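Welcome! Take a moment to look over the chain before reading on. The report below walks through it piece by piece.

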Amino acid sequence: MGSLQTDALDFVNADGFQVNPLDPEEFRRQGHMVIDYLADYYRDIHKYPVRSQVNPGYLRKRLPSAAPNDPEPIEAILGDITHDILPGITHWMSPNYFAYFPASGSTAGFLGEMLSTGFNVVGFNWMSSPAATELESIVMDWLANMLKLPECFLFSGGGGGVLQGTTCEAILCTLTAARDRVLNRIGREQIGKLVVYGSDQTHCALQKAAQIAGIFPVNFRAVATTREDAFALNPAALRDVVAADVARGLVPFFVCPTIGTTSSTAVDPVKGICAVAKEYNMWVHIDAAYAGSACICPEFRHVIDGVEMADSFSFNAHKWFFNNLDCCCLWVKEPSALVKALSTSPEYLRNKATESKQVVDYKDWQIALSRRFRSLKLWLVLRSYGVANLRNFLRGHVKMAKHFEGLVAADGRFEVVVPRTFAMVCFRLLPPKPEESGKANELNQRLMEAVNASGQAYMTHAVVGGVYMIRFAVGATLTEERHVTKTWHLVQKQAGEVLASRT
Ligand SMILES: *Cc1c(COP(=O)(O)O)cnc(C)c1O
């Protein structure tokens, strides 16, 4: 394992192996190698097929059947990463990545993650690393102000923000808080009456959370959306479903509007939904996983108008906000509701700071006990780029999506299926003859597969209102307009071939 320093000889055992796994000089040497490796990776990333082209089980064929008994050098391991791991990687950081919602990694996001991993603190309560808790509260207030969230979500206004790993966790935590708030009032045995609401476009995270929190599966409502409403949750339709449940003796308690749905970036009307929720005393959680970041731009802030009426709000900073995975920002109006549902205080965690009640113990705001120092990453991103630049990055993505939308609209063989709101365009190829309209979905499936199999770009699909559409999501950090234009030419070329070969 590299050349041993003489002062490291204390760490050499009888077999001659270096046994201290955190030798500072080896850390420096290997760390630099990995940074160089990644810098080359980002420089050359456009050369790799965007979507991994391997078959299931490919890796087991290549790797030994057991871990090595003796140490292996980092050089050999990095070589195997190139030969064995890279082919099985789908390159989310590629400039030609337009699938799902892209993951916008960045230098600052990476460095923040590296520092956090390096310190490796387990900041479950204030005492376990005061900076981890205090920095988190501060950056969450900064970010709340950038999003123009009302004072009630800030620590100074009695609310507060917390970093979760993912939106799934944020929804589960808030849903659990809401569940206990209502059950403490009506009795634990009433759990079978509690009903959760979303739309048929709501992320499956809501259903999963309801399932984990013990809500009866029959009491999960996915209110139907329509093309006329651009697939947004209609408050009147919600009220009808809620009223019918109340008439049957059920207890509505949680509704989750989405800002930027996963299939088509639809925006559920927050004000109208909150008004219904207020009538029926429900907890409103706003899931802005993808589009929340856009609200730092004044021209997009209106999509969360009415947020002051909601109980909680979350967005994924690892989705469209230049933080490397994972980083979900959650704000709640009433932290005590979370704490009541999620706190534990075993003897071995007792300490003066907690007892003074002057500190936040974030372990009581989340599912797990252990927690990472994630705020370091967010802090580096906010400081390294600044608010003005972050807005420019997002606007740049929106502009590129607009550009793509224009290209689609200019080619009569295609249509834009739903109006674009943020940086994603939903489009499809139209069957040339009216009598072929039943084949539209299959045609687009074949088109998308042809594009992805080429390795030159990657996009994924959604089906809304029975229509199969291709989602072109701009947001990968390295993407420039030339990548968008080139990808459109690829789509046109593949479309020509798919159309020519249809039967
Ligand atoms: C991506 C996404 C989620 C899931 O996010 P995780 O962080 O993976 O849990 C939930 N809701 C919406 C609207 C999303 O776009």
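Predicted model: local features only at pLDDT ≥ 70, side-chain atom pairs only at ≥ 80, totals over all residues.

Strands β8 and β9 run antiparallel and are joined by four bridges. In general, the strands of a sheet pair through backbone hydrogen bonds, in either a parallel or an antiparallel way. Here, four strands make up an open sheet, ordered β8-β9-β11-β10, with antiparallel pairing. Strands β8 and β10 form the edges, each pairing on one side only. From one strand to the next, the twist averages 45°.

Helix α14 packs on this sheet and touches β9, β10 and β11; the direction of α14 makes about 30° with that of β11. The table lists where these elements lie.

| Element | Residues |
|---|---|
| Strand β8 | residues 414-418 |
| Strand β9 | residues 424-429 |
| Strand β10 | residues 460-464 |
| Strand β11 | residues 467-473 |
| Helix α14 | residues 440-453 |

**Two domains**

Now step back to the whole chain. How is the chain divided into domains? Domain 1 covers 122-372 and domain 2 covers 383-500. Their C-alpha centres lie 31 Å apart. Where the two domains meet, 16 residues from domain 1 and 18 residues from domain 2 take part in the contact. On the side of domain 1 that touches domain 2, there are ten nonpolar, five polar and one charged residues.

**A closer look at threonine 258**

Finally, visit threonine 258, in the loop between β4 (251-255) and α9 (270-279). Is threonine 258 buried or exposed? It counts as buried because it has 27 C-beta neighbours inside 10 Å, and the cut-off for a buried residue is 20 or more. Setting aside neighbours within four places in sequence, threonine 258 is in contact with Gln201, Thr202, His203, Asp268 and Asp287. By contrast, isoleucine 77 lies 43 Å from threonine 258, C-alpha to C-alpha, and the two are 181 residues apart in sequence.

Terms used:
Residues numbered from 1 in each chain as written. Domains from an automatic or database assignment. Contact = placed C-beta atoms within 7 Å. Nonpolar A, V, L, I, M, F, W, Y, C, P; charged D, E, K, R; others polar. Pairing = 2+ DSSP bridges. Helix = DSSP H or I, 4+ residues; strand = E, 2+ residues; numbered from the N terminus. Axes fitted to C-alpha atoms, helices over the stretch in contact; angles between N-to-C directions. Buried ≥ 20, exposed ≤ 12 C-beta atoms within 10 Å, placed from the backbone.
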